[in-house]
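Hi everyone, thanks for coming.

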Amino acid sequence: MSNVPLLEVDDVSIEFRTRSGVVKALEDVSFTVAKGEIVGLVGESGSGKSVSAYAAMGILDAAGVVTKGRIAYQGMAINGAKERDLQALRGREMSMIFQSPRTALNPIRTVGRQIGDVLRRHGGATRQNWRERAIAALAQVRIPDPARRAEAYPFELSGGMCQRICIAMALACEPKLLIADEPTTGLDVTTQAAIMDLIANLCRARGMGALLITHDLHLAAESCDRIVVMHAGHVVETGPVQALFARPLHPYTASLLAATPSPDRSLDDIGAIPGNLPDLRAPLPPCRYRTRCQRALEVCDREPLPALVEGKKEGTQGAFGPLHPQPTANAAGQLRSGDGSAVAPGGTGGQNPPHPNHHTVRCWNPLRTEEAA
Amino acid sequence: MAPLLEVEHLTKIYSLGGGTKAGRWLKQRLTNTVPHQPRLHAVDDVSFTIEPGESLGLVGESGCGKSTLVTMLVRLSDPTAGVIRFEGRDISAIPAKRFGRTADRGRIQVVFQDPHESLNPRHTAFDVIAEPLRRLQAMNGKALEAKVRETAERVGLPDTLLGRFPHQLSGGQKARVNIARAIAPEPRLLVLDEPTSALDVSVQAVILKLLDRLRRELGMSYLFVSHDLNVVRLLCDRVMVMYLGRVAELGPAHDVFTEPGHPYTRALISAIPGAAPPGGPVRLEGDPKSPIDPDPNACRFHGRCPIGKELCAGTAPPWVPLGPAHGTACHFARR
């Protein structure tokens with residue numbers, strides 16, 4: 001396998017043209033998903049997580065327009081591709097678990113048939129064997145008594161059960177890329193653990209890549225390899241999971257972490273994030289976190305967002321180096337390494353996005369090591 | 001001090017299938033046998049108390065009877081057997097249909113799950129908060145308006161938002177309207193059914209702090225239903241763990257989380273993302289048994305339990321005290 005990532009979202013901006021104005025839903029968003037890794041996309045609702053996923057699947061609403069950048073699946077462009085080509089990809093190559101399982105299922109078809117439909121369209125199942133393959137898919141997501149459940153209609157099943165049906169459907173054709181939009185919200189912790197184990201096993205065993213959209217930071221920390229933090233349509237921070245959670249660089253990531261209840265925190269220790277997401281229809285400052293940020297500098301109002309990368313290479317975490325400011329920050333605001341020394345060996349610098357394992361942040365005043373601790 | 005709420009041997013059984021009442025009667029007369037009717041044990045012999053000003057957490061998987069228990073406690077459905085005593089009065093004898101007109105309706109209030117869907121889309125925030133005051137306390141005019149404004153202020157809802165409809169409010173604001181609606185009639189017991197599960201973490205923190213403050217200011221008791229154990233730990237003094245209609249474990253929150261006695265509680269705690277349980281993660285296989293006609297002489301957790309033995313299949317576990325206020329229903333409880 002060459003080093004072409006499974007999914008590449010490069011400098012993408014998306015607008016929605018609505019009656020009440022143009023919503024700048026995404027701006028300069030870049031991230032990649034490689035084979036066998038789970039990438040977590042985290043942020044508040046309205047931060048553009050689902051829009052990114054829809055764009056990656058090529059199923060944006062008609063009002064949504066990709067105004068800039070490139071989305072590619074294994075090197076093949078998704079934006080601008082023909083619908084027929086996309087249909088060949090969906091299901092077999094990439095598939096998606098949607099939010100709200102009840103509305104994602106067809107209410108007047110039994111769940112076994114719905115999974116069978118997917119298998120016959122994309123998975124090469126025949127008239128003879130689709131039923132047993134659908135039942136096997138149900139068994140894989142630990143649905144008890146799958147043969148009986150396959151005959152049930154969605155309304156006869158609980159929310160958690162419908163959720164697992166959607167997951168079974170997405171995994172039925174063994175996709176290479178799985179996009180999971182809040183796959184475990186509303187599930188019990190025990191079922192959630194089982195589902196996440198299943199996804200992690202598939203990634204390990206088959207080299208499936210997964211993009212996990214969630215607002216549960218603990219879940220992301222436990223199951224993902226890398227994290228992409230979004231806020232109001234911007235990617236504000238990306239990095240390997242341990243580094244990002246141990247030393248968040250962006251003030252938004254830090255406050256998200258501080259707001260999350262955890263076993264060793266009391267109610268006084270958790271802090272809320274002041275303010276709300278900005279209105280994406282109005283003219284926006286270069287940094288969309290500006291109004292909620294307590295570390296804002298005067299430069300934040302003036303200059304476009306910088307792209308910074310953690311100063312040291314991987315493996316030298318003890319000696320956390322200084323952040324290198326991007327010297328040419330106005331060049332499309334693309335996430336780039338600051339200077340050659342910070343790029344992983346082989347990186348050409350300048351042209352390519354940073355090495356995926358680097359910890360990058362887009363902020364003029366990121367948290368330094370001593371503050372993050 | 002007497003407990004605010006005392007629940008004794010509360011049971012809810014739903015009869016399933018078997019056709020109509022007349023059909024069953026006819027069949028019985030014709031065949032001269034009593035036809036077996038499957039019975040679903042949603043809540044089975046549950047007893048606990050809530051002290052004034054106390055916050056009790058109720059956790060368990062979906063389908064374990066949490067919601068059935070809650071609907072009985074707030075008297076929206078009638079128990080099959082058992083007693084609910086509220087401030088010393090037996091309220092389980094009043095049919096659910098009539099309870100809405102008693103004074104206790106205002107003293108037991110619920111904050112429902114999902115603030116996005118539990119508000120009437122055609123009511124403004126003001127109407128939503130005013131509704132229980134109009135109905136239960138026959139307030140109107142100036143007094144009503146003053147009370148609504150006071151309640152809104154208490155939950156941190158700006159005055160200017162009172163005229164808005166739900167679709168014009170954010171998730172956090174809707175949650176505040178819901179809480180204001182519930183506390184307007186000044187309840188003694190507030191039942192919170194997953195109040196923050198539909199909210200973002202950033203908003204969740206604010207709402208949890210608000211709930212904690214309200215409890216101290218107004219001296220209410222909480223029954224906090226949730227499956228987010230991290231949230232339960234933050235807000236609750238005691239925790240009750242339910243499994244398949246039965247109480248699996250009940251005790252002070254700190255003790256239950258640090259020294260769980262029941263294997264199910266251990267599995268639940270170990271499934272919390274980010275938690276590092278003592279003794280490594282415990283993963284449960286399969287799903288709970290069916291709540292229909294459960295074997296009365298077996299542990300409900302048997303078959304899924306990592307330490308289950310033959311004894312568990314033949315004898316229902318007794319209640320094993322683990323501390324002054326801590327106990328569990330398990331033969332092999334860790335003491």
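Let's start in chain B, where helix H7 (residues 171-183) and helix H8 (residues 201-218) pack at an angle of about 20°, with their axes 10 Å apart. H7(B) and H8(B) are therefore roughly parallel to each other. Angles under 35 degrees count as roughly parallel, over 145 as roughly antiparallel, 65 to 115 as roughly perpendicular, and the rest as oblique. The axes are lines fitted to C-alpha atoms, for helices over the stretch in contact, and the angles run from 0 to 180 degrees between N-to-C directions. Helices (H or I, at least four residues) and strands (E, at least two) are DSSP runs, numbered from the N terminus.

Before going on, a word on the model. It is a predicted one: local features need pLDDT of at least 70, side-chain atom pairs count only at pLDDT 80 or more, and totals for chains, interfaces and linings use all residues. Residues are numbered from 1 along each chain as its sequence is written, chains are lettered from A and ligands numbered from 1 in the order in which they are written, and side-chain values use heavy atoms, with hydrogens and water left out.

Back to our pair. H7(B) passes H8(B) in a right-handed crossing; a crossing is right-handed if the near helix is turned clockwise from the far one by less than a right angle, and left-handed if anticlockwise. Which residues of H7(B) and H8(B) make the contact? From H7(B) they are B:Gly172, B:Ala175, B:Arg176, B:Ile179 and B:Ile183, and from H8(B) they are B:Val203, B:Val206, B:Ile207, B:Leu210, B:Leu211, B:Leu214 and B:Leu218. Contact here means heavy atoms within 4.5 Å. Sorted by class, this contact has 10 nonpolar, 1 polar and 1 charged residues. For the classes, Ala, Val, Leu, Ile, Met, Phe, Trp, Tyr, Cys and Pro count as nonpolar, Asp, Glu, Lys and Arg as charged, and the others, Gly among them, as polar.

Now zoom in on B:Ile207, which is found in helix H8 of chain B. Is B:Ile207 buried or exposed? B:Ile207 has a relative accessible area of 0%, so it is buried; buried means under 20%, exposed over 50%, and partly exposed in between (1.4 Å probe, protein chains only). Not counting residues up to four places away in sequence, B:Ile207 touches B:Gly172, B:Ala175, B:Arg176, B:Ile179, B:Thr196 and B:Leu199.

Helix H5 (residues 125-137) and helix H6 (residues 141-154) of chain B pack at about 120°, with their axes 10 Å apart. That angle makes H5(B) oblique to H6(B). H5(B) also passes H6(B) in a right-handed crossing. The contact is made by B:Phe126, B:Ile129, B:Ala130, B:Leu133 and B:Arg134 of H5(B), with B:Leu144, B:Glu145, B:Lys147, B:Val148 and B:Thr151 of H6(B). By class, that contact has 6 nonpolar, 1 polar and 3 charged residues.

Next, helix H11 (residues 263-271) of chain B. How many of its 9 residues are buried? The count is 9 of 9. Those buried residues pack against helix H8 (189-206) of chain A, together with several elements of chain B, including strand S3 (55-59) and helix H9 (229-235).

For a contrast in cover, look at B:His9, in strand S1 (residues 5-15) of chain B. B:His9 counts as partly exposed, at 48% relative accessibility. Leaving out residues up to four places away in sequence, B:His9 touches B:Asp45, B:Val46, B:Ser47, B:Ala81 and B:Gly82.

A:Ala232 has a positive phi of about 50° although it is not a glycine. A:Ala232 lies in the loop between strand S9 (226-231) and strand S10 (234-240) of chain A, and counts as buried at 0% relative accessibility. In chain B, B:Leu244 has a phi near 45°, again positive in a residue other than glycine. B:Leu244 lies in the loop between S9 and S10 of chain B and is buried, with a relative accessible area of 6%.

Finally, chain A as a whole. Chain A has 12 helices and 12 strands, and buried residues make up 55% of its 373 residues.
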